[in-house]
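Dear colleague,

Please find the structure below, handed over for your study.

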Amino acid sequence: MGRARVRLGYLVNRARNIRVGNLVEFARQVQKVSRAPLPVIIADMLWCSVKYDMGFRDYAVWDIRLLNARERATWMTHPKSFRITRMHNTPEGRAKLEDKRRFAREYADLLGRETIDLRDVDDVQLAAFLERHPKVLAKPLDGHGGGGITLHENVTDAAAFRAEADAARQSIVDEFIVQHPEMSSLYPDSVNTVRIITFLTPAGEVRLLAAVLRIGNGDVIDNFASGGMYTMLDDAGVALYPGVDKNSNVYREHPVTGTAIVGFAVPRYDEVLALTEALARRTPEAPYVGWDLAITPNGPVVIEGNHNSSVFQPKPSASGVRTGLLPTYQAAVGF
């Protein structure tokens, strides 16, 4: 699908579905870093949505109001990410990653964890799985952003567990991941993950576009949409900046544990990069993927691969960085 056609389709769909309430909400969020009047901010948001293919949340989270035109032009945005997905990730590749049942089968040797689909096991097999894993997560096949996931502990009745999962439209059951003690020191009530966004070039080279540390905050998952925060990692897996959440709150230390975020080193990061490269090479049908990995005492394990990965970049007011990752994406993807 051509780039211009994808962009036009996206803009038309966005115009049809624009919600004034969301626009105002994000504009008020911008006022945390800008004293500009609300109408001025809204007008600038609308201008940037057309000029730079920028989502309203992009504008708010990345402090675009504070940047000049040259700096704004360097930011990767979610609409641009959407176009990369549409242009490079095939329907086969998207299905390979999105179908959790298929994903568990085709990547079984790389996952580093045990997962089952309730449709593939009887109650005897399910009971054995639940006995091996006293804590499990039940997930829907079509869940996104951490939605619809429930935690279960010390389940003794497999049939009752299945009935409850069926009622919640949950089919996938994963062993609960016990994270590395250093990762738990950040926030122990969720599995804090690393997202590595990669692009597999036609020549077979794996390009790393962004490395992100995601940290939970008040929930059992670390997802940004569920109140979690993120920061960017350097080449050695060390956190470069304070954490930020979707409401533009900035955290130099975790508000629950007091653990410093800047300078935190992800353990076994060399293994994270090696595993990510293996995953990317296994997925030529979808060259653009955001891989979510957790770190256990025994090494990294795979949570999932996102064929429509979110975009992560430093927040200027938290990091002091006023340029985005668009040049990195352009060099790798060639757009």
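**Cavity and pocket**

The largest cavity holds about 50 Å³ of space. This is a predicted model, in which local features need pLDDT of at least 70, side-chain atom pairs count only at pLDDT 80 or more, and totals for chains, interfaces and linings use all residues. Residues are numbered from 1 along each chain as its sequence is written, and side-chain values use heavy atoms, with hydrogens and water left out.

On a 1 Å grid over the protein atoms alone, a cavity is a set of points where a 1.4 Å probe fits but cannot get out; a pocket is an open set with protein on both sides within 12 Å along at least five of seven lines, and lining residues have an atom within 4 Å of a point. A volume is the space filled by probe spheres set on the points, which are joined across faces, edges and corners.

Among the residues that line the largest cavity are Tyr 230, Thr 231, Met 232 and Lys 315. Strand S7 (229-232) and helix H14 (316-319) each give two or more residues to this lining; helices (H or I, at least four residues) and strands (E, at least two) are DSSP runs, numbered from the N terminus. S7 provides the largest share, three residues.

The second largest pocket contains about 190 Å³ of space. Of its 13 lining residues, Leu 208, Ala 210, Ala 211, Leu 233 and Asp 235 lie nearest the centre. Strand S6 gives the most to this lining, with four residues.

**The sheet**

Four strands make an open, antiparallel sheet in the order S1-S4-S2-S3, where two strands pair if DSSP finds at least two bridges between them. Strand S1 (115-117) and strand S3 (150-153) each have a single partner strand, so one side of each lacks a neighbour in the sheet. Strands S2 (residues 135-140) and S4 (residues 170-175) pair over five bridges. Pro 140 has Gln 170 in S4 as its bridge partner.

**Aromatic pairs**

The structure holds five aromatic pairs. Rings of Phe, Tyr and Trp (its six-membered ring) pair if their centres lie within 6.5 Å; planes under 30 degrees apart count as stacked, over 60 as edge-to-face and the rest as tilted. Trp 62 and Trp 75 are stacked, at 5.9 Å centre to centre and 25° between the planes. Trp 62 lies in the loop between helices H4 and H5 and Trp 75 in the loop between H5 and H6, so the pair ties together parts that are 13 residues apart in sequence.
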